[in-house]
Amino acid sequence: MPRSGSATLAPLKTLFETKRGKVVPLPPKLARLYGCLRMPLPRTHPHVFSNFVTTLDGVVSLNTKGHASGGDISGFSAQDRMVMGLLRAIADVVIIGAGTLGADSRHLWTAEAIFPKLADEYRRLSKALGKSEAPLNVIVSGRGEIDLRLPVFASGKVQTLIITTTAGAKHLLKQGVPDSVEVRAIRRSASVISARAILDEVYRVHPGKLILVEGGPRLLGDFYAERLIDEQFLTLAPQIAGRDDDDGRLSLVMGKAFAPGDARWGRLTDVRRGGSHLFLRYSFP
Ligand SMILES: NC(=O)c1ccc[n+]([C@@H]2O[C@H](COP(=O)([O-])OP(=O)(O)OC[C@H]3O[C@@H](n4cnc5c(N)ncnc54)[C@H](OP(=O)(O)O)[C@@H]3O)[C@@H](O)[C@H]2O)c1
């Protein structure tokens, strides 16, 4: 059980607030819980933002059976889930990797699914933004070894796009592909598809303005490597997870190393507090 009082849904306290971007018209209850939310609305290219939760010592996944999800990191914080739902409700597209799907295979990447209690508020918000449906759920997989009977594909509640390689698509098409699912193969990709190619394909299918990358760490690493993340939302959970040699615990970015030679430095733009959790926003120009 979390010991940080994180089960209660109290309003976040804004400590430092970005003044950039347009004010998002939050319904009263969400405005009370989050405060004022501003998002850039770029004219020329989509705004690509990511949202993660990490422990104080930088762990984003314990990577053990039954305890691999973000909930184990946040202490199942209601406030963190409220923010996750908020960002999904404003996003046109949510992108995840096959590893994140595997860790949470019954999930849908919608606002309602992460925080059902606020479903009406999220729906009201999406409607105010002119959206008629949930964000397009995009799953990235090189190998294409994905079970299309999972709810994200078979429930029909979301439109899903699988971005994969030619070999991956061949593998996937052996299964019946539900109507709500589209499989796109990126030709000339070996096992790893470039983040640029992922975004281009997403844009061809759904030309949205706000693209949310929920990870996991390998997918996020590819986006940072190509400098394609504009903004990072990061919840800092007040626990030290610790780490044994070779225990497989994951940090925010895996599979790519940047510092010292090619470090990615962000700028802190927004800070909110929910009990002992901090809700941070960094921009990566
Ligand atoms: N704390 C948080 O906020 C948070 C957020 C997200 C995820 N997580 C956790 O992170 C863990 C998963 O980590 P992960 O690094 O394995 O996640 P991941 O990036 O979601 O998954 C890695 C897999 O996704 C596919 N993939 C990712 N990038 C690709 C690319 N550029 N081209 C082709 N395929 C690509 C590959 O699938 P194939 O093997 O099918 O080719 C790869 O093996 C889970 O425990 C999850 O709960 C935590």
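**View 1. Strands β4 and β9 run parallel, joined by four bridges.** The model shown here is predicted. Within it, serine 50 stands opposite glutamine 232 of β10. β4 is mostly covered: of its nine residues, eight are buried.

View 2. The 10 strands follow the order β1-β11-β12-β10-β4-β9-β5-β6-β7-β8. The sheet is open, and its pairing is mixed. β1 (13-16) and β8 (181-185) are the edge strands, each pairing on one side only. From one strand to the next, the twist averages 20°. Strands of a sheet pair through backbone hydrogen bonds, in either the parallel or the antiparallel sense.

**View 3. Strand β7 pairs with β6 and with β8.** Strand β7 covers residues 160-164. It meets β8 in the parallel sense over five bridges. Isoleucine 162 has valine 183 of β8 as its bridge partner. Threonine 164 is partnered with alanine 185 of β8. β6 and β7 are also parallel, with four bridges between them. There, asparagine 137 has threonine 160 of β7 as its bridge partner.

**View 4. The residues of β7 point two ways and are buried.** Thr160, Ile162 and Thr164 point one way from the strand. Leu161 and Ile163 point the other way. Five of the five residues of β7 are buried, and the strand is mostly covered.

**View 5. Helix α9 packs on the sheet.** The helix spans residues 195-205. It touches β4, β5, β6 (136-140), β7, β8 and β9. The direction of α9 makes about 145° with that of β7.

**View 6. The largest nonpolar core has 74 residues.** Ile95, Val138 and Ile211 have the most contacts inside this core. Helix α3, residues 78-90, gives the core its largest share, eight residues. Which residues does isoleucine 95 touch? Leaving out residues up to four places away in sequence, they are Val138, Val140, Ile198, Val202, Ile211, Val213 and Glu214. Two of these, Val138 and Ile211, are themselves among the residues with the most core contacts.

**View 7. A shell of 33 residues lies around the ligand.** Gly97, Gly99, Gly142, Gly215 and Gly216 come nearest. By class, the shell has 15 nonpolar, 12 polar and six charged residues.

**View 8. Helix α10 packs its buried residues against strands and a helix.** The buried residues of α10 are Pro217, Leu219, Leu220, Gly221, Asp222 and Phe223. They pack against β4, β5, β6, α9 and β9. An α-helix has 3.6 residues a turn, so residues three or four places apart point the same way. Just after α10, arginine 227 takes a positive phi of about 55°.

**View 9. Leucine 173 is found in the loop between α8 and β8.** Helix α8 covers residues 166-172. Is leucine 173 partly exposed or buried? Leucine 173 counts as partly exposed because it has 13 C-beta neighbours inside 10 Å. Leucine 173 and leucine 148 are 25 residues apart in sequence. In space, their C-alpha atoms are 9.7 Å apart.

**View 10. Leucine 280 is found in strand β12, residues 277-283.** Leucine 280 has 17 other C-beta atoms within 10 Å, so it is partly exposed. Its contacts, not counting residues up to four places away in sequence, are Leu234, Leu236, Leu268 and Val271. How many residues separate leucine 280 and phenylalanine 16 in sequence? The two are 264 residues apart in sequence, with 9.5 Å between their C-alpha atoms.

Definitions and conventions
Residues are numbered from 1 along each chain as its sequence is written. This is a predicted model: local features need pLDDT of at least 70, side-chain atom pairs count only at pLDDT 80 or more; totals for chains, interfaces and linings use all residues. A residue is near a molecule or strand if its C-beta atom, placed from the backbone, lies within 6 Å of it. Ala, Val, Leu, Ile, Met, Phe, Trp, Tyr, Cys and Pro count as nonpolar, Asp, Glu, Lys and Arg as charged, and the others, Gly among them, as polar. A nonpolar core is a set of buried Ala, Val, Leu, Ile, Met, Phe, Trp, Tyr and Cys residues joined through C-beta atoms within 7 Å. A residue is buried if 20 or more other C-beta atoms lie within 10 Å of its own, exposed if 12 or fewer, and partly exposed in between; C-beta atoms are placed from the backbone. Helices (H or I, at least four residues) and strands (E, at least two) are DSSP runs, numbered from the N terminus. Two residues are in contact if their C-beta atoms, placed from the backbone, lie within 7 Å. Two strands pair if DSSP finds at least two bridges between them. Axes are lines fitted to C-alpha atoms, for helices over the stretch in contact, and angles run from 0 to 180 degrees between N-to-C directions.
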